[in-house]
Amino acid sequence: MSTPAEYYRSIPPVSKTFGVACLMTTAAFYLELYDPYNIALDYGLVFKRFQVWRLITNFFFLGPFSFPFAFRLIIIAKYGVSLERGPFDKRTADYVWMFIFGALTLLVMAAVPYLRSSFMGVSLVFMIVYVWSREFPNARINIYGLVSLKGFYLPWAMLALDLIFGNPLKRDIVGMVAGHFYYFLTVLHPLSGGKYFCKTPLWVHKFVAYWGEGTQMNSPVQRDPSAGVSFRGRSYRLNGTRPSTTEQTAETDSPAQQPNQGAGVAFRGRSYRLDDR
């Protein structure tokens with residue numbers, strides 16, 4: 001059985017980053033390090049006071065610590081990781097682009113007053129569920145050990161659970177719409193003979209290459225060799241000194257040390273040919 005540290009290191013980078021960011025955002029809220037209103041999505045403050053960080057930070061708050069919050073983290077750890085290890089294996093840039101595309105779609109939908117929500121992270125998590133259900137439609141899943149159904153029906157089952165528990169459904173439905181829009185542009189439309197409109201941009205490949213995490217097959221950008229390197233330079237032993245220029249020249253000009261000629265010789269003495277006297 002793996003330890004928590006081993007499990008944490010085994011999580012793929014994109015799912016790990018998103019899950020940890022959501023967990024730390026809620027933990028910082030309980031430590032009273034910020035006011036949730038300062039990271040909520042508010043287009044009035046974005047355009048009038050240029051508080052552009054709200055376009056990003058609102059996706060990392062999944063609500064206070066509660067059962068729904070824990071359930072959403074489990075979704076990231078189970079279905080997000082399953083996507084990253086399955087259809088998006090060795091496609092880190094494409095998986096990052098899926099998150100970015102989903103976030104942009106949700107921000108556009110939030111421009112409609114009826115669809116707007118202060119925190120769109122729940123919708124982004126539900127988008128992961130929808131994409132997973134389309135990628136694994138025949139996978140068997142169990143809901144609380146009571147109901148067994150195919151993976152294709154997972155979003156609808158979770159929608160029914162939110163209805164039973166009295167949770168709002170609008171954010172879930174918006175996430176399903178964003179997930180279907182992404183899946184249609186990347187899978188359904190190209191398979192039907194249409195043009196591939198949702199290709200991962202070059203700047204996303206550059207970002208992933210600079211990040212230095214994950215891998216991307218057929219990437220147009222080479223991975224940054226200095227990614228993850230904090231210090232670079234010549235190293236020296238702690239008990240040694242850097243040789244001076246004179247010593248380096250002397251070592252260069254001196255002949256190489258001859259190997260021991262007697263090594264491996266059993267007998268030593270003068271030799272004569274048999275026909276000599």
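The model is predicted: local features need pLDDT of at least 70, side-chain atom pairs count only at pLDDT 80 or more, and totals for chains, interfaces and linings use all residues. Residues are numbered from 1 along each chain as its sequence is written, and side-chain values use heavy atoms, with hydrogens and water left out.

Asp94 lies in helix H6. Helices are DSSP runs (H or I, at least four residues), as are strands (E, at least two), numbered from the N terminus. Neighbours within four places in sequence aside, Asp94 is in contact with Phe88, Tyr182, Thr200 and Gln216. Contact means heavy atoms within 4.5 Å.

Burial extends along H6. Of its 18 residues, 15 are buried, so H6 is largely enclosed by the rest of the structure. The length of H6 also agrees with expectation: its 18 residues should span 26 Å at 1.5 Å a residue, and its end C-alpha atoms are 26 Å apart. The expected span is 1.5 Å times one less than the number of residues.

H6 (residues 92–109) packs against helix H7 (residues 121–135). The angle is about 125°, and the axes are 10 Å apart. Axes are lines fitted to C-alpha atoms, for helices over the stretch in contact, and angles run from 0 to 180 degrees between N-to-C directions. H6 and H7 are therefore oblique to each other. Angles under 35 degrees count as roughly parallel, over 145 as roughly antiparallel, 65 to 115 as roughly perpendicular, and the rest as oblique.

From H6, the contact involves Met98, Phe99, Gly102, Ala103 and Leu106. These meet Ser123, Leu124, Met127, Ile128 and Val131 in H7. By class, the contact of H6 with H7 has eight nonpolar, two polar and no charged residues. Ala, Val, Leu, Ile, Met, Phe, Trp, Tyr, Cys and Pro count as nonpolar; Asp, Glu, Lys and Arg count as charged; the others, Gly among them, count as polar.

Two loop residues stand out by backbone angle. Most residues other than glycine have a negative phi. Glu32 has a positive phi, near 55°. Glu32 sits in the loop between helix H2 (13–30) and helix H3 (43–48), and is exposed at 70% relative accessibility. Phi of Phe50 is likewise positive, near 55°. Phe50 occupies the loop between H3 and helix H4 (54–57). Phe50 is exposed, with a relative accessible area of 62%.

Notes: Buried means under 20% relative accessible area, exposed over 50%, partly exposed in between (1.4 Å probe, protein chains only).
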